[in-house]
Amino acid sequence: MPVKAKKWILAHHFDGVPKDSDLELVEEELPELQDGEILLEAQALSVDPYMRVFARSALKEGDTIMGSQVGKVIESKSPQHPVGMMLVGSVGWRTHAIVNVNQGPDLLGTPIVVPATPAPGLPVSVNLGVLGMPGATAYFGLLELCQPKAGEVVVVSAAAGAVGSLVGQIAKIKGCTVIGYAGTDEKCKWIKEELGFDHAINYKTRDVAESLKEAAPDGVDCYFDNVGGDFLYTVMRQMNKYGRISVCGAISQYNDNLDNQKSGVFPGILLIVNELRMEGFISTRWLSRWPEAFKEMAAWMKEGKLKYRETTTKGFENMREAFYGMLRGDNTGKAVVNV
Ligand SMILES: NC(=O)C1=CN([C@@H]2O[C@H](COP(=O)(O)OP(=O)(O)OC[C@H]3O[C@@H](n4cnc5c(N)ncnc54)[C@H](OP(=O)(O)O)[C@@H]3O)[C@@H](O)[C@H]2O)C=CC1
Ligand SMILES: CCCCCCC/C=C/C=O
């Protein structure tokens, strides 16, 4: 019996905030499996900011939207991937995918399928969040680039999101004072009261420069930047000598047309005077070491030192709404879609 897959395609390249006419749900009939192929059925899918960023360069109109999912093998012509096995696959927004297990990495350089990390008692979706790409991003982006030391002050933006909520907790584990900025009072309450951040500030209701002066009167040593734009410049002005900035994301600019962006004045003088180190990264730089991060983070979770939250949307047909919601800040913790 041929399998009918549903998939979301890029109908039109995004221009500004993604809208319904940009994304279209279509059906396709899948062919018979060949040797070395498996058929994956989506259980949980990820919606991430990078989909907004990389759609422009990596996709053509008509292509399936990129993205990872946890899928179950429901048919197999690969003895190493038996029916029932759970895999994390970068196979896009699809209910069913035929994967050649010998295929090389995807467009973003990640393997097409890897066994889902065993996490007893936890939902499979943790492989898309705390024990997945966002977890590795927080772990390596903070520890490798900021190298936070006990007693230092660490600031993180988008602090109640998938990456930011983990960055703040890891910085606490390392003995730092942590200041998180998030977009609602509820998010601030969560990161302060449940996750143990020292300060949680709603950037929509407080002035960032003024509130940062209050929370960090002696300045900032590390900034984990998820937001970019003016936010970055504002924090840079309050960095201490030899401060480190890990440039992870620039979500405040993702809906802008980069070709038409006005050139602002980059405050390079601050880098010079305070001898700051500022480095952008893509988490796949440490791909071969991701298991190391997952092992340590799973141990912290077991010890109750690292908590996570997911904002889940039910139904593959609601991928689009989950994506829009994540971009505008509806999520606390990792945004996932359960099928
Ligand atoms: N370099 C890398 O390898 C990777 C980079 N990233 C980047 O990390 C960042 C966080 O990603 P992730 O944790 O997955 O996503 P989140 O779970 O943090 O979701 C995005 C959040 O961004 C916040 N946001 C949206 N617009 C703005 C804005 N204009 N100003 C400030 N905050 C805004 C919203 O929270 P709020 O309510 O607080 O506004 C929203 O919930 C993104 O920039 C992403 O691109 C992610 C993974 C890998
Ligand atoms: C498993 C997919 C890895 C994608 C890496 C995404 C890097 C993100 C950059 C900005 O959001």
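Let's start with helix 9. Its buried residues pack against strand 1 (4-10), strand 2 (23-29), strand 3 (37-46), helix 1 (49-58), strand 14 (310-314) and strand 15 (334-338). Keep in mind that this is a predicted model.

Which residues of helix 9 are buried? Helix 9 covers residues 319-328, and the buried ones are Met 319, Arg 320, Ala 322, Phe 323, Met 326 and Leu 327. Look down the helix axis: these residues fall within an arc of 165 degrees, so they line one face of helix 9. The general rule behind that is simple. An α-helix has 3.6 residues a turn, so residues three or four places apart point the same way.

After helix 9 comes Gly 329, with a positive phi near 100 degrees. Gly 329 also takes us to ligand 1. Among the 28 residues around this ligand, the closest are Gly 161, Val 163, Gly 183, Gly 249 and Gly 329. Helix 1, helix 2 (133-146) and helix 3 (162-173) each give two or more residues to the shell. Which element gives the most? Helix 3, with three residues.

Now the strands. Strand 11 (residues 220-225) runs parallel to strand 12 (residues 239-247), and five bridges join them. Val 220 sits opposite Met 239 of strand 12. With helix 6 (residues 229-236), these two strands form a right-handed β-α-β unit. Strand 12 also pairs with strand 13 (residues 277-280), again in the parallel sense, over four bridges. There, Val 247 stands opposite Gly 280 of strand 13.

Note on methods
Residues are numbered from 1 along each chain as its sequence is written. Chains are lettered from A and ligands numbered from 1 in the order in which they are written. This is a predicted model: local features need pLDDT of at least 70, side-chain atom pairs count only at pLDDT 80 or more; totals for chains, interfaces and linings use all residues. Two strands pair if DSSP finds at least two bridges between them. A crossover is right-handed if, with the strands pointing away from the viewer, the path from the first strand over the helix to the second runs clockwise. A residue is buried if 20 or more other C-beta atoms lie within 10 Å of its own, exposed if 12 or fewer, and partly exposed in between; C-beta atoms are placed from the backbone. The arc is that of the directions from the helix axis to the C-beta atoms. Two residues are in contact if their C-beta atoms, placed from the backbone, lie within 7 Å. A residue is near a molecule or strand if its C-beta atom, placed from the backbone, lies within 6 Å of it.
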